[in-house]
Amino acid sequence: MPATDTGTPVITFDDVVKRFGRTTVLDGLNFQVDKGERVTLIGPSGSGKTTILRLVMTLEDLTDGYIYIDGEPFTYEQRNGRRVRRKPKDVARIAQRIGMVFQQFNLFPNMTVIENIVEAPIHVLGQSKEEAVTRGTELLDLVGLADKADEHPTRLSGGQQQRVAIARALAMDPEILLLDEVTSALDPELVGDVLNVLRNIAQTTDITMLIVTHEMQFAQEVSHRVLMFDQGRIIEDAPPDVMFSSPQEQRTKDFLKAVL
Ligand code: ADP
Ligand code: MG
């Protein structure tokens, strides 16, 4: 399915700078993601991919620059020529539209699977328990775990836990889904089920996705566009068939040779 919309980008990075102490990780990063577009970030370890997702998730604070979501300034805005932090309630309103799945599944171990899934829809979106459980049960079915609703996460395999984490993110009905190496912590035989669930979501929804993965075959299948990062910069931006079969930059060629 192609990305269809050419209107306002869903995500805009505008001269984004991120430093940790004296380490500059992103030094004026610009890129845009369109509605429904699935963009995969590739590049060597330490090139800033996780930092980019964590900035979008507001888990990290921008050092400078702006991120826009659907054209609206997110954590900072310009007012009277000055860069000012937006009000927490405005940030929270926008952040609700964004979900993330991490390498480590981060499920609440003291709650059952269905309790994990309905927690945020009830407490953040204000859904009734009944409504949240109905939707949560549908999502568990979607990720192939309808029979695990009342289990505790610790009784599930890593791949099952990760599929619960995906269902939990979807329960918030996100407009944007961020996936950071969601299969990297899994035993190899559990990777396929998780990727199948994500392929299905990619095919059946118009959720905008930013994906970090080492699964290049998967990236090729689901992405509209691949961005190659090196030291916090985009060194190549191409559709997957071009990026994976005829990359232009030597650093991309070297990286792909090492991971494929
Ligand atoms: P990637 O996901 O591409 O491997 P990261 O975004 O995790 O890269 O890291 C980019 C750089 O930022 C690395 O040099 C890393 O050491 C540094 N970094 C990330 N998080 C922190 C942090 N909390 N404190 C200090 N340095 C960090
Ligand atoms: Mg990372």
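Helices (H or I, at least four residues) and strands (E, at least two) are DSSP runs, numbered from the N terminus. This is a predicted model, where local features need pLDDT of at least 70, side-chain atom pairs count only at pLDDT 80 or more, and totals for chains, interfaces and linings use all residues. Residues are numbered from 1 along each chain as its sequence is written.

Q: What makes the contact between α5 and α6?
A: Contact means heavy atoms within 4.5 Å. Among the residues involved are I166 and L170 of α5, along with V197 and I201 of α6.

Q: How do you know that β1 and β4 pair?
A: Two strands pair if DSSP finds at least two bridges between them. β1 (residues 11-20) and β4 (residues 64-69) have five, in the antiparallel sense. One bridge partner in β4 is Y68, which goes with T12.

Q: What makes β2 and β5 edge strands?
A: The open sheet runs β2-β1-β4-β5. β2 (23-33) and β5 (72-73) each have a single partner strand, so one side of each is left without a neighbour in the sheet.

Q: How do you know that β6 and β7 pair?
A: Four bridges join β6 (residues 76-79) to β7 (residues 82-85), and the two run antiparallel. They form a hairpin with two residues between them.

Note on methods: Chains lettered and ligands numbered in written order. Heavy atoms only, no water.
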